[in-house]
Amino acid sequence: MSDPKRELNIKKIFWGVLAAYILLIVSFNFLSGEQLHFRRSRGEVASPVADGGAAELAQGVIVEQTFQAKIQRLERVSVQWGTYYRSNAGTVTMELVRPSDGALLMRESFDAATITEGQVLSMTAAEPVETVYDVPLQLRLYADSEIGNAVAPLVASQDVREGFVLTVNGGAVPGTLCFSASGTDYIWTGLHYWEFSAIFGALLALLLLLVWRRYRRGKHSYLVNALIAMRKYRFLIRQLVARDFKTKYKRSILGIFWSFLNPLLTMLVQYVVFSTIFKSDIPNFAAYLIIGTVMFNFFGEACGMTLSSILGNASLITKVYMPKYIYPLTRTMSSAVNLAISLAPLLIVCLGTGVVFQKSAVLALYFFVCLIIFSLGFGMLLATSMVFFRDTQFLWNVLNMMWMYATPIFYPETILPDGFRIVLQINPLYHFIKSARMCILNGLSPEPTVYLQCLTIALGMLLVGAFVFYRKQNKFVLYL
């Protein structure tokens, strides 16, 4: 019989890992697009609620709002208008000026006759203005309308903000203009993306080199041993995955079609309940719902199957030697096959509800992979607990239900009270599902730190689960 170590070309595998790393970082740079370098500014100015008009903006009247905004790349300034509920005439002009040097940053004119009561007009910079972070700016409004046919910019007379000054023809008036300023900020990690990629690539190459040298010297290595075990037992792994997948649909008329139909029917029931009875106002609720349903269903199924992976294979464990971690691994792999099939109805619902897929949608697969890794780690914890404490299966049913309601699957996170926000922040599934939805529904890539956060959560759980499983696996046979 051939030696698995000799059959395994470690050097070739490691070169493949490095090639895959380079391909991934180049692909990520392309797929993430502008969101890799810029994010919506956290220093945007929000418009206050109007309670009156500043002044009728007739010829000779100038309304000016001085303000400061912590926006690195200012892109848009918007103003809300009142019409006195009449037809008006003339041209309204909006300007944004930097008082320190008198530079005109933005300027746009509008036909007063087309403005409606409460309408918000926006002027947008041809190129983002990058020299205005926390710098005094002046929003200037004027028109050539006649008295009685002029619009008025709306104000919040009781809204007083530090550094904000509202004037009419040079005289200060109380309150703040109903305006907003928006833009983007630089993402530091995105600006240095290639430098970070090179550093991580060098660290990865160094790690692989050290592992390879230890392997050449015949020293113990968990990574190499895992690769050898996967190769040695690959036939049995395939058989276990196929058995688990087929057993799920044994004697079922529709068989594997249930992997396609189940998420669709679950989504349909929840859609009817929450879109009609509870009147959900989430945009594209069907697509929003099926993404959450598919991801959480996989988590529940993978953990539920992995939970009994040791007890369910007791006859094999006591008769055939193979690394025990392969049993929870194959259960998770079986559920991952089901997840791959479930992506078909997800795609159909998204296309059927008018979702326009952007290139960032491909990045959602990253968060699916993080979910699989997290589920394997958590499943190993459950499998270990199940061997020594059989009530784990009943506790898991309760925990799974609680976890489902604590995750925004069929409701928006905005309905949760502020005191409950901490539950979302410590909920790994919330981060996986939210990020996948952003990639698919919004056509946007999350910030680079989100990718690192999700990977850290997934690998952290895998390491914890594997550590506990490894420490207890020698005692499994005593409790089977």
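These legends describe close-up views of a predicted model.

**View 1. Helices α10 and α11 pack against each other in a right-handed crossing.** Helix α10 spans residues 326-352, and helix α11 spans residues 364-388. Their axes come within 10 Å and cross at roughly 150°. The cut-off for roughly antiparallel is over 145 degrees, so α10 and α11 are roughly antiparallel to each other. From α10, the contact uses Pro-328, Leu-329, Thr-332, Ala-336, Leu-339, Leu-343 and Leu-346. From α11, Leu-365, Phe-368, Ile-372, Leu-376 and Met-380 take part. By class, the residues of this contact are eleven nonpolar, one polar and no charged.

**View 2. The largest nonpolar core holds 59 residues.** Those with the most contacts inside this core are Met-295, Phe-299, Leu-346, Phe-368, Phe-374, Phe-378 and Phe-432. Eight helices are shown here by name: α2 (10-32), α7, α8, α10, α11, α12 (392-405), α14 (428-441) and α15 (448-472) each supply at least two core residues. Helix α8 gives the largest share, 15 residues. In soluble globular proteins, nonpolar side chains tend to be buried together.

**View 3. Phe-378 and its contacts beyond the sequence neighbourhood.** Phe-378 is among the core residues with the most contacts. Neighbours within four places in sequence are left aside. Phe-378 then touches Phe-299, Cys-303, Trp-396, Leu-399, Trp-403 and Met-461. Phe-299 is also listed among the residues with the most contacts inside the core.

**View 4. Ser-197 is a buried residue of helix α4.** Helix α4 covers residues 193-216. Ser-197 has 7% relative accessibility. Buried means under 20%, so Ser-197 counts as buried. Its contacts are Tyr-21 and Ile-25, not counting residues up to four places away in sequence.

**View 5. Asp-134 has a positive phi in a loop.** The loop runs between β7 (120-129) and β8 (137-143). Phi of Asp-134 is near 55°, and the residue is not a glycine. Relative accessibility is 36%, so Asp-134 counts as partly exposed.

**View 6. Asn-284 is another non-glycine residue with positive phi.** Its phi is near 50°. Asn-284 sits in the loop between α7 (257-277) and α8 (285-307). With a relative accessible area of 27%, Asn-284 is partly exposed.

How values were computed: Residues numbered from 1 in each chain as written. Predicted model: local features only at pLDDT ≥ 70, side-chain atom pairs only at ≥ 80, totals over all residues. Heavy atoms only, no water. Axes fitted to C-alpha atoms, helices over the stretch in contact; angles between N-to-C directions. Helix = DSSP H or I, 4+ residues; strand = E, 2+ residues; numbered from the N terminus. Parallel < 35°, antiparallel > 145°, perpendicular 65-115°, else oblique. Left-handed = near helix turned anticlockwise from the far one by under 90°. Contact = heavy atoms within 4.5 Å. Nonpolar A, V, L, I, M, F, W, Y, C, P; charged D, E, K, R; others polar. Buried < 20%, exposed > 50% of the residue type's maximum accessible area, 1.4 Å probe, protein only. Core = buried A, V, L, I, M, F, W, Y, C linked by side-chain atoms within 4.5 Å.
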